[in-house]
Amino acid sequence: MVVENDLRADTVWFTSGSYYHGALMWSGDDIVDTSGASYWASGQKPVYDGQNNDVEVFTKVAYVRGGKSIQGYGWKIVSPSIPSAYICEMLLSNVLAIRIENRDFGYGQRSVNEREIERGPVMLEQPRPLAIFGGPPDAYIECKAQANPHPLYSWHRSGNITVTSVLDNRYTLSAGRFSIQNPDGNIDAGMYQCMAENKYGKILSDPAQILFGYLHHFSPVKLEDVEANKFEGSRISCQAPAAYPEVGYTWFYNSIAEPVFEENKNMFVSSSGYLYFSEVQPTDFRKYFCSVTLIAPIKYDTAINQPPSRISLGVYLRVTGTEHGYFKPYIYTHTFPSPALKGSKVRLECVAYGSRPLQYAWHRRDGRPFEQGTELSDLNRVLTIKDAKIEAEGDYVCTVTGRVGVTTKVVTLSMEAKPYFTHGIGDRLADPAQTVEWRCLAVARPQPTYTWYKNGVMIQNKPGVIEVKKHRLIIYKVNQDKDGGMYQCGATNIHGTTFSYGQLKVLSFAPTFDRYPMVPQYSLPQGGNFSIPCGVEGAPTPDITWLKNGSPLSVIAGDTIGKFGMTLLNDLVFNNIDFTDQGRYTCKGTNMYGEAENSTFITVIRGITISIPPTNTRVAVNRTAFLSCQASYDSKNFDLSYQWTLNGHVINFTDNAFFSSRELGGYEGISIDQAQFYHTGRYTCEARTTIHTARASADLFVEGPPGAPAGAYVMSSYVTSDSVQLAWTITAQINHGSPIYSYNIEAEMENVRPGVWETVKHGIFETQALNDARTMGLRSDQRVTLVDGLLPNVHYSFRVRAINDLGEGREASRKSVSVKTPSMAPATAPKNVRGYDKGKVGTLNIVWDPLEVYEYGGNGVGYTVYFKRQGDIKDWFKANVNGSKSSMYTYLVGVDNYYLEYEVMVAAYNEHGAGPNSTVKVIMSAEGMPTQTVLMGDCDNYNGTAFSVSWNPIEDTREVMKGKLKGYRVRYWHIDFPEFVTWRDVYGQQDTVIIIGAEPNTNYWASVQVMNNAGVGPNGEIRLAETFHLPPQNYPRHVKVWTHSEHSVRVTWQGVSTMSNDEESLQGYIIRVWKIQEDIRTATDTVVDIQSEAIVKNLQTQTVYVLRVLGFSLGGDGLLSPHVYFTVEGGNIPFDPTTTETCYRMLDDCNTATWIRQSSFTIFYLTFLSIVYNIL
């Protein structure tokens, strides 16, 4: 079979086999293969030695070309995630069971409208998990099931609590919707399941969580400043408060009016909360604020009044140091979410420290293209995969090209998945006393566990009656009264539970041909081959006998060789047809309840006839439809060709990817792949020989979500400040095979967020919209609904999207003509009311976030500010601030009222009146100038260019500090130049600081002042400080490296002298070593006394290192020796330090050397040549 169908040399054919650590298992029957069979394409089976990664990852057994034992094919282990062909095999004894599994609910019935057939419930819409933020007045979750008779619904919490209005009068159940008024996290949080039932049984929905989010406040303790060296990389941590479930981050600088946007070449806001600086600039010396906003996890709905958000106190980035030259990129990466889940939006971040400009690029390590939905953004620092699939798993390489080099880093993306079913367990319409087996196979990472339910109750194992064997359920000797009902398989892992549904119905009836009667007559070509189906149905499955002209034919099911044969599906097979085969053929079916027979007449002709014509077919949109067309003809004397037309137009299979000519189930025909609505129509098959033509036609109906409604418009007589009446028109043509049962309304605020559409009302039932239209006297093809919850003074456009049993329409109606809602007083209060304690002494500064444009409600927007001393029983002071963008009010409280608590609140107003007040906030008035004098401690030498200053800390109280301690200002000046005063600010409660950048062997005067946000305190006493003499001014010479052991080297050098009066006495030497592909900041130091050699340990083999030696003293580190390059194996490597290229000592001279650019290849090559050179 593989040989006959393998069209490409690289095709992989999956089997049911899996290979784990040397064991071969066939999943079809869960048997470990101990036969010793070996058909490996390589000639031997894979060996697992604890290091062979393929045997751990690539576990699926497949046939590939290249083996010698099976006609050029053999086994190979491959990844189970690659899309490939599949070989399906089964025992002949299982064919009958497969036929029974394929029965549908119309089995044994006359032609019946499928919608009228009774059946148990099936979930069409699972309840979505819900996140509740900010105390909304109501929330709901809902499910939708399909059943006949219509289902009844109930809801359950935590598995065993049935939630009804009797349990709590805040609860409301309407059809499949469960609503909660005034949700309470202490009562209502938990896992919920919807149960749908009718007379055939009960099913449970997938569990859905209702969670209540919280976001605590940032710590009120002032953050320490972040110090960063100029022109180097740095980052600031948000230090976000405790929150649940997740938060999003935004950063601002200077004030909350200046956000850090995407595409900023130097700054990057990570979803981890860090604010990164690729190369700190002097202009980055400013204050930064982190804002966090509570957000819902992926695939959670939200019930939200106002998502809570918080803003940090702010932290300064202080830029210090001097420029150290250019440096190559150093990469940081982050992956969100972690673990990454199938269906989630995966975000890979790559940001680098490095000398700009920096250019970012991504690729997959194995060379595969990115998965569909992958996007690069934010200067390519962010790779996003929307609706990520399992196939997105793998290694992603981020490459950063900087001014002085290229750095790469691998980000490994591991995908996990909540269980999901590619194929459900399906229904079983079984014979009496049959053994029914269900297999439940879910895709999940980590692997799932399975549980089985009947009518919503977990099934307990009863050997010999009903047995649960992991993912299999076996029911012995089924009986409708005992076993009929709704069954579910639940697959569970750490990410949740997913259910698959099936109904068991035990049938008992005599054989019948009512649904599939035989064609009265067939015309078969002489010399051809043909098969006649026997469409008998019955339960138990009938025994089949074929007769010709009333006499039984000697045919056996499964034997198709000979003049006549019979397939396992009971079709009668004709081989090499001749005129003696003319006659009446009868299929007779018999079971314990009776018998039935049906006949057709065979005529043999010389010519062509369409023996298997296409039949009317219905297919879901984006699925595959197949229309058969098989002609019988004289194949010895004629060639046959087929041509298809759609609505009279010839189909070109070459230019249209939707259509292909193929064979399915042994029949020729046309396949319509990913069928679209415009593929609906009449398909005609034309079979041709050189002298004959035959045609047959059938209709294809593509079904799916509805098309777009028409004529959406706002009824101008029904427009209020917060609602409109919206009407639209529908036609039967947009149903797409399933009646519309509800609508969603989407709105665009044209003057606020043009082009952004949001659902403002959903679940409008067709019956309600129709009744409302009738009440208002509209046409029968029109619908109407009230859209409320709108904002005043906003220009709205609306559009309508229809929903049927097959889903929500992909196309919405054209948008309506814009309408403006009437103005009214503001409906919302200003947010984020806070103080600003850095204002002028004696002032109270009240700050708030201005209303958004869509919150104005009308013209003439301003703000009313209320304030009073905390605990004061007097009325509130009140002041109006004009201007919609105003965000601050300052009141003079007097210099004696410094740093006191005040209660404040703010309300917005417009020309129609005042809106609601904000909640009361407690803020502080501005601080006073500090008056305390700092008492000095000692000033000590530190090194040749630095000294330390210490002092007694000032008590951080309101009375002492006239506010809150901000830090200290250390003033210092050269003893001979008192007019040139320099200072350094240190933040927080500290008592010492190191002053750097001083002159060696020099005296300085120093004093300290205390600081708060109002300014600095008075000058205090002064102390004399002194620096040491210079560090060593010469560097060690003649540095050589010798192999010492497998992981160490011996280093020798000529020492330095510090006999000069300007230098401190030498104390020892430092040997500084780092890898060539890194920089000196990663170096490891080996410190020794005054000597001329040292052993450097813990080195790697096959690695090129850089080494420099320096002397040190009390004056600090001395000058560094020139770079020396070495390996553990070979010691020194010849290197020309005036270039970035290499030259080797074994060559005659550097002019004849072979030049190669530094790269990862160069590093390897240097190591190799050095080893060879030293061996020679």
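1. A disulfide, as the word is used in this note, is a pair of cysteine sulfur atoms within 2.5 Å. By this rule the count for the structure comes to six disulfides, and the points below take up some of them in turn.

2. On the basis of the work, this is a predicted model, in which local features need pLDDT of at least 70 and side-chain atom pairs count only at pLDDT 80 or more, while totals for chains, interfaces and linings use all residues. Residues are numbered from 1 along each chain as its sequence is written, and side-chain values use heavy atoms, with hydrogens and water left out.

3. Cys629 and Cys685 are joined by a disulfide with an S to S distance of 1.8 Å, and the link is left-handed, with -75 degrees about the S-S bond. The pair links distant parts of the chain, 56 residues apart, since Cys629 sits in the loop between strand S60 (625–628) and strand S61 (630–633) and Cys685 in strand S66 (residues 681–688); strands here are DSSP runs of E, at least two residues, numbered from the N terminus.

4. Cys238 lies in the loop between strand S20 (234–236) and strand S21 (243–244), whereas Cys290 lies in strand S26 (residues 286–295), so the pair ties together parts that are 52 residues apart in sequence. Cys238 counts as buried at 3% relative accessibility, and Cys290 counts as buried at 1%.

5. Cys143 and Cys194 form another of these links, with an S to S distance of 2.0 Å. Because Cys143 lies in the loop between strand S9 (138–142) and strand S10 (144–148) and Cys194 in strand S15 (residues 190–198), the pair ties together parts that are 51 residues apart in sequence. Cys143 is buried, with a relative accessible area of 5%, and Cys194 counts as buried at 0% relative accessibility.

Note on methods:
Helix = DSSP H or I, 4+ residues; strand = E, 2+ residues; numbered from the N terminus. Buried < 20%, exposed > 50% of the residue type's maximum accessible area, 1.4 Å probe, protein only.
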